[in-house]
Amino acid sequence: MSINLNAMKQYQSVDLRSAVETASPKELISMLVDGALTAMAKAKGAIERKNISMRTEQLNKANDIILGLKDFLDHEQGGEIAANLDALYDYMVRTLMQANRSNDEAKVQEVMNLMLQVKSGWNAMEVPA
């Protein structure tokens, strides 16, 4: 059985678009966090395979997502938590840039571990309806 990859990608794109359109703000942030984690995991695989272009592409994607998360911060309502996340996201971006320059899988893993902690905290948060 032959799978039409273009059709499959289009279906996934429509499915993702639909998920984004119906998602709550909390779910959208969760999707972004998952996207960053996926990009970093792919970057680690690219480092192992010595695939420089894929490593760079995936680390840039992760950085773009992290910068997007940073843009979502509400400093008025978030107070100290928002300020701490802002500093953490800055650190993550700098660390991924270093990882890209030095081809350092350990730095990517460090940021993944930090993002997993953010994810855990985010998932545990209750958001009023």
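This is a predicted model: local features need pLDDT of at least 70, side-chain atom pairs count only at pLDDT 80 or more; totals for chains, interfaces and linings use all residues.

Analyst: The expected span of a helix is 1.5 Å times one less than its number of residues. With 24 residues, H2 should span 34 Å, and its end C-alpha atoms are 35 Å apart, which agrees.

First, the setting. The protein chain has five helices and zero strands, so its elements run α-α-α-α-α from the N terminus on. Of the 129 residues in the protein chain, 29% are buried. Among contacts in the protein chain with a separation of 6 or more, 61% are accounted for by residues 24 or more positions apart.

The partner of H2 considered here is helix H5, residues 105-124. The axes of H2 and H5 are 10 Å apart, and the two helices pack at an angle of about 160°. That makes H2 roughly antiparallel to H5, because an angle over 145 degrees counts as such. The crossing of H2 and H5 is left-handed. On the H2 side, the residues making the contact include Ile 29, Val 33, Leu 37, Met 40, Ala 41, Lys 44 and Ile 47. On the H5 side, they include Val 108, Val 111, Met 112, Met 115, Leu 116, Lys 119 and Trp 122. By class, the contact of H2 with H5 has 13 nonpolar, three polar and six charged residues. An α-helix has 3.6 residues a turn, so residues three or four places apart point the same way.

Two residues of H2 can be looked at one by one. Leaving aside neighbours within four places in sequence, Lys 42 is in contact with Arg 49 and Gln 58. Lys 42 and Ala 62 are 20 residues apart in sequence, and their C-alpha atoms are 10.0 Å apart in space. Gly 45 is also found in helix H2. Gly 45 is buried, because its relative accessible area is 13%, and the cut-off for buried is under 20%. From Gly 45 to Arg 55 there are 10 residues in sequence and 8.0 Å in space, C-alpha to C-alpha.

Next comes the end of the helix. Just after H2, Lys 50 takes a positive phi of about 60°. Lys 50 lies in the loop between H2 and helix H3, residues 52-72. Most residues other than glycine have a negative phi. Lys 50 has a positive value in a residue other than glycine. Lys 50 is also exposed, with a relative accessible area of 70%.

Asn 103 lies in the loop between helix H4, residues 75-102, and H5. Phi of Asn 103 is near 55°, again a positive value in a residue other than glycine. Asn 103 is partly exposed, with a relative accessible area of 32%.

In short, H2 is a helix of 24 residues that packs against H5 in a roughly antiparallel way.

Terms used:
Residues are numbered from 1 along each chain as its sequence is written. Side-chain values use heavy atoms; hydrogens and water are left out. Contact means heavy atoms within 4.5 Å. Axes are lines fitted to C-alpha atoms, for helices over the stretch in contact, and angles run from 0 to 180 degrees between N-to-C directions. Helices (H or I, at least four residues) and strands (E, at least two) are DSSP runs, numbered from the N terminus. Angles under 35 degrees count as roughly parallel, over 145 as roughly antiparallel, 65 to 115 as roughly perpendicular and the rest as oblique. A crossing is left-handed if the near helix is turned anticlockwise from the far one by less than a right angle, and right-handed if clockwise. Ala, Val, Leu, Ile, Met, Phe, Trp, Tyr, Cys and Pro count as nonpolar, Asp, Glu, Lys and Arg as charged, and the others, Gly among them, as polar. Buried means under 20% relative accessible area, exposed over 50%, partly exposed in between (1.4 Å probe, protein chains only).
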